[in-house]
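Morning, everyone. Please have a look at the next slide, and then I'll talk you through it.

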Amino acid sequence: MAVAEAHDVDVEVVLYMKTPPDRASLERLVSILEDPVEDLVRKDANFRRLGLVAEDYVADPAAVVDLLERRKALLQRPVVVRGERAIVGRPKRRVEEFLTR
(Lines give C-alpha, C1' and ligand atoms only; values in the text may rest on other atoms or scores of the structure.)
Protein backbone atom coordinates (compact mmCIF):
# COMPACT_ATOMS: atom_id res chain seq x y z
CA MET A 1 0.00 0.00 0.00
CA ALA A 2 1.56 3.24 -1.20
CA VAL A 3 0.44 5.33 1.78
CA ALA A 4 2.16 2.96 4.22
CA GLU A 5 5.34 2.97 2.18
CA ALA A 6 5.31 6.78 2.02
CA HIS A 7 5.14 6.92 5.83
CA ASP A 8 7.55 4.00 6.30
CA VAL A 9 4.96 2.12 8.36
CA ASP A 10 4.41 -1.64 8.52
CA VAL A 11 0.82 -2.61 7.89
CA GLU A 12 -1.10 -5.69 6.93
CA VAL A 13 -3.85 -5.46 4.34
CA VAL A 14 -6.38 -8.28 4.55
CA LEU A 15 -6.55 -9.81 1.07
CA TYR A 16 -9.71 -11.88 1.29
CA MET A 17 -9.38 -13.48 -2.17
CA LYS A 18 -5.67 -14.27 -2.05
CA THR A 19 -5.54 -15.40 1.58
CA PRO A 20 -9.08 -15.76 2.93
CA PRO A 21 -9.19 -15.17 6.68
CA ASP A 22 -10.19 -18.15 8.78
CA ARG A 23 -12.49 -17.92 11.79
CA ALA A 24 -9.65 -17.17 14.23
CA SER A 25 -8.37 -14.36 11.98
CA LEU A 26 -11.85 -12.88 11.68
CA GLU A 27 -12.34 -13.04 15.46
CA ARG A 28 -9.03 -11.26 16.00
CA LEU A 29 -9.95 -8.67 13.39
CA VAL A 30 -13.28 -7.80 15.01
CA SER A 31 -11.57 -7.59 18.40
CA ILE A 32 -9.09 -4.92 17.23
CA LEU A 33 -11.35 -3.07 14.80
CA GLU A 34 -11.71 0.61 15.61
CA ASP A 35 -14.85 0.89 13.48
CA PRO A 36 -18.28 -0.50 14.27
CA VAL A 37 -18.11 -4.24 13.61
CA GLU A 38 -20.94 -4.08 11.06
CA ASP A 39 -18.70 -1.90 8.86
CA LEU A 40 -16.72 -5.05 8.00
CA VAL A 41 -19.68 -6.29 5.97
CA ARG A 42 -20.17 -5.04 2.41
CA LYS A 43 -23.82 -4.19 1.91
CA ASP A 44 -23.66 -4.48 -1.87
CA ALA A 45 -25.84 -6.16 -4.51
CA ASN A 46 -24.53 -9.57 -3.44
CA PHE A 47 -25.57 -8.85 0.17
CA ARG A 48 -29.07 -7.89 -0.99
CA ARG A 49 -29.31 -10.84 -3.41
CA LEU A 50 -28.64 -13.16 -0.47
CA GLY A 51 -31.61 -11.59 1.34
CA LEU A 52 -29.47 -10.37 4.22
CA VAL A 53 -30.55 -7.54 6.51
CA ALA A 54 -27.95 -4.97 7.59
CA GLU A 55 -29.48 -4.53 11.04
CA ASP A 56 -28.78 -8.19 11.83
CA TYR A 57 -25.06 -7.38 12.07
CA VAL A 58 -25.11 -4.14 14.07
CA ALA A 59 -22.93 -4.45 17.19
CA ASP A 60 -22.89 -8.25 16.81
CA PRO A 61 -19.33 -9.51 16.35
CA ALA A 62 -20.39 -13.18 16.38
CA ALA A 63 -22.91 -12.63 13.58
CA VAL A 64 -20.33 -10.74 11.51
CA VAL A 65 -17.72 -13.46 11.98
CA ASP A 66 -20.26 -16.19 11.12
CA LEU A 67 -21.29 -14.37 7.94
CA LEU A 68 -17.76 -13.53 6.78
CA GLU A 69 -16.55 -17.05 7.47
CA ARG A 70 -19.21 -18.34 5.04
CA ARG A 71 -19.20 -15.44 2.55
CA LYS A 72 -15.66 -14.06 2.28
CA ALA A 73 -16.60 -11.79 -0.65
CA LEU A 74 -18.75 -9.75 1.74
CA LEU A 75 -15.68 -8.60 3.67
CA GLN A 76 -15.36 -4.85 3.24
CA ARG A 77 -12.06 -3.75 1.81
CA PRO A 78 -9.51 -2.68 2.26
CA VAL A 79 -9.08 -3.69 5.87
CA VAL A 80 -5.83 -2.27 7.21
CA VAL A 81 -4.16 -3.73 10.29
CA ARG A 82 -1.34 -2.06 12.18
CA GLY A 83 -0.22 -3.85 15.29
CA GLU A 84 -3.24 -4.26 17.54
CA ARG A 85 -5.45 -1.83 15.64
CA ALA A 86 -7.49 -2.18 12.46
CA ILE A 87 -9.78 -0.05 10.33
CA VAL A 88 -11.85 -0.32 7.19
CA GLY A 89 -9.87 1.82 4.76
CA ARG A 90 -12.84 3.60 3.20
CA PRO A 91 -12.78 6.32 2.22
CA LYS A 92 -9.11 6.23 1.23
CA ARG A 93 -8.17 9.30 3.28
CA ARG A 94 -8.85 7.27 6.44
CA VAL A 95 -5.81 5.09 5.76
CA GLU A 96 -3.39 8.01 5.91
CA GLU A 97 -5.05 9.34 9.08
CA PHE A 98 -4.82 5.87 10.63
CA LEU A 99 -1.16 5.44 9.74
CA THR A 100 -0.06 8.85 11.00
CA ARG A 101 -1.52 8.67 14.51
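I'll cover the core, then an aromatic pair, then a pocket.

First, the ground rules. This is a predicted model, where local features need pLDDT of at least 70, side-chain atom pairs count only at pLDDT 80 or more, and totals for chains, interfaces and linings use all residues. Residues are numbered from 1 along each chain as its sequence is written, and side-chain values use heavy atoms, with hydrogens and water left out.

Now the core. The largest nonpolar core holds 23 residues. By that I mean buried Ala, Val, Leu, Ile, Met, Phe, Trp, Tyr and Cys joined through side-chain atoms within 4.5 Å. Buried is under 20% relative accessible area, with a 1.4 Å probe and protein chains only. Leu40, Val64, Leu68, Leu75, Val79 and Val81 have the most contacts inside this core. Another core lies apart from it, with five residues, including Val80 and Ile87.

Next, the rings. How many aromatic pairs does a search of the whole structure find? One. The ring centres of Phe47 and Tyr57 are 6.2 Å apart and the planes sit at 65 degrees, so the pair is edge-to-face. The cut-offs: centres within 6.5 Å make a pair, and planes over 60 degrees apart count as edge-to-face. Phe47 is buried, at 3% relative accessible area. Tyr57 is buried too, at 8%.

Last, the pocket. Glu12, Arg28 and Val81 are among the residues that line the largest pocket. A pocket here is an open set of points on a 1 Å grid over the protein atoms alone, where a 1.4 Å probe fits, with protein on both sides within 12 Å along at least five of seven lines; lining residues have an atom within 4 Å of a point.

Technical notes: Buried < 20%, exposed > 50% of the residue type's maximum accessible area, 1.4 Å probe, protein only. Phe/Tyr/Trp six-rings, centres within 6.5 Å; stacked < 30°, edge-to-face > 60°.
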